[in-house]
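Here's a quick briefing to read alongside the picture.

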Amino acid sequence: MIIPIFLTGLGCSKEQPCVFCNQEFATSKTAVSTDEEIKNRILSTLTEYLVEPQSLEYPIDIAFYGSTFTSLQFAYQKELLKYTQETFETLTQKSYKTHLKIRISTRPDQVRREELLDLKIRFNLEIVELGVQSMSDNVLLISRRGHTRKDVKRAVKDLREIGIQVSCHQMIGLPGSSIDNEVETAKDIIKLKPKYVRIHPTLVLRETVLEEMYRSGEYKPHPLIEAVDITEKVLRIYREAGIKVTRIGLHPSELLMDNIVAGPWHPAFRELVEGKYLLNEASKQLKDKKGTHINIRISPQDETYIRGEKNSNYKWLIDTFELSSLDIIKDTSLERGFLSVEKTKKPALQSTQEELRA
Ligand code: SF4
């Protein structure tokens with residue numbers, strides 16, 4: 001289980017935030033800045049999640065999101081993690097040593113090897129969520145990220161060398177970016193061998209520089225269908241390289257939805273991308289199956305993706321490949337994102353009916 005603690009905006013530049021960022025809307029949490037606000041956020045989140053500590057599965061991951069954790073004074077980083085450990089132990093009556101892991105989010109230029117090694121040893125820091133966003137220096141500059149491609153390479157190398165797992169975040173459709181940039185970013189990230197990746201489409205949020213760029217015509221977001229297509233391409237590159245994509249799209253919340261000015265928003269963005277991915281996978285194998293009955297075996301978690309909204313993908317497969325019929329079979333031996341297509345004589349249901357008639 002992951003407990004997300006949103007230290008919204010902490011450690012980020014107030015004067016020059018990233019052009020697309022409004023963490024209050026993205027995380028649905030108000031910004032914190034004073035020591036009291038920060039510790040209250042930690043305490044209230046842990047109290048909420050650890051209400052029945054005996055029924056939880058351990059170890060638990062506590063994740064500090066929505067901030068640039070490592071740009072805080074190092075002594076203060078340690079103070080916060082110590083406070084987190086103590087609160088965890090008080091609420092669960094369990095030792096942090098064997099029951100608690102920490103993950104933090106930060107930017108590549110704020111990765112300091114020796115300090116992070118210290119956090120790993122003292123506080124079980126296991127994963128760093130790294131905001132890479134793009135591997136194009138031009139896109140990073142326009143997006144005011146404050147780091148370069150070189151910083152990303154150095155940061156991931158350092159983290160891997162000290163045994164901390166890395167999860168790289170990539171954004172699709174940043175200002176100045178192109179499909180080629182997105183594809184190259186994915187390929188560059190793969191070379192760095194992170195453990196996980198997250199992919200987010202760029203949305204224009206209220207009260208951001210990107211909103212001004214959008215209103216002045218300087219920035220044009222991707223339409224939803226285009227964003228889904230590009231994200232599917234990028235997902236395919238990661239999947240083929242064996243890198244797990246743990247999240248696609250932002251978590252839907254009322255505050256986020258109320259503050260989206262423009263961009264490829266959909267509450268089930270991942271579903272659209274995974275559906276597209278699976279349709280492409282199935283299509284490759286259905287080309288010569290006209291007039292036959294087909295079974296598509298799929299991981300149970302992918303069933304809704306292959307069926308699509310109101311069974312639209314399912315119907316599309318039957319019509320496009322002129323299948324006589326199609327069964328979607330849940331197969332627990334298959335991993336998410338993988339499917340197998342098999343031609344059979346009769347649909348399972350039909351053969352059962354015929355057996356009953358006989
Ligand atoms: S570093 Fe992350 S949290 Fe901070 S302003 Fe940029 S995108 Fe937002």
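In this predicted model, let's start with a pair of helices: H2 (residues 35–49) and H3 (residues 74–92) have axes that come within 10 Å and cross at roughly 30°. Angles under 35 degrees count as roughly parallel, so H2 and H3 are roughly parallel to each other.

**How H2 meets H3**
- H2 passes H3 in a right-handed crossing.
- On the H2 side, the contact is made by Ile38, Lys39, Ile42, Leu43, Leu46 and Thr47.
- H3 brings Leu80, Tyr83, Thr84, Thr87, Phe88 and Leu91 to that contact.
- Sorted by class, the contact of H2 with H3 has 8 nonpolar, 3 polar and 1 charged residues.

**How H3 meets H5**
- H3 also pairs up with helix H5 (residues 113–123): the axes of H3 and H5 come within 11 Å and cross at roughly 15°.
- That angle makes H3 roughly parallel to H5.
- The crossing of H3 and H5 is right-handed.
- From H3, the residues making the contact are Phe74, Gln77, Leu81 and Gln85, and from H5 they are Glu115, Leu119 and Phe123.
- By class, you'll find 4 nonpolar, 2 polar and 1 charged residues in the contact of H3 with H5.

**A proline to look up**
- Where does Pro223 lie? Look in the loop between helix H9 (209–215) and helix H10 (224–240).
- Is Pro223 buried or exposed? Pro223 has 11 other C-beta atoms within 10 Å, and a residue counts as exposed with 12 or fewer, so Pro223 is exposed.
- Now find Pro264: Pro223 and Pro264 are 41 residues apart along the chain, yet their C-alpha atoms are separated by 5.5 Å.

**The protein as a whole**
- How many helices and strands are there in the protein? There are 15 helices and 12 strands.
- The C-alpha trace spans about 75 × 55 × 40 Å along its principal axes.
- A compact globule with 358 residues would have a radius of gyration near 21 Å, and the protein has 23 Å, which agrees.
- Buried residues make up 38% of the 358 residues.
- Take the contacts between residues at least 6 apart in sequence: 80% of them join residues at least 24 apart.

Definitions and conventions. Residues are numbered from 1 along each chain as its sequence is written. This is a predicted model: local features need pLDDT of at least 70, side-chain atom pairs count only at pLDDT 80 or more; totals for chains, interfaces and linings use all residues. Helices (H or I, at least four residues) and strands (E, at least two) are DSSP runs, numbered from the N terminus. The radius of gyration is taken over C-alpha atoms; the globule rule is 2.2 Å times the number of residues to the power 0.38. A residue is buried if 20 or more other C-beta atoms lie within 10 Å of its own, exposed if 12 or fewer, and partly exposed in between; C-beta atoms are placed from the backbone. Two residues are in contact if their C-beta atoms, placed from the backbone, lie within 7 Å. Axes are lines fitted to C-alpha atoms, for helices over the stretch in contact, and angles run from 0 to 180 degrees between N-to-C directions. Angles under 35 degrees count as roughly parallel, over 145 as roughly antiparallel, 65 to 115 as roughly perpendicular and the rest as oblique. A crossing is left-handed if the near helix is turned anticlockwise from the far one by less than a right angle, and right-handed if clockwise. Ala, Val, Leu, Ile, Met, Phe, Trp, Tyr, Cys and Pro count as nonpolar, Asp, Glu, Lys and Arg as charged, and the others, Gly among them, as polar.
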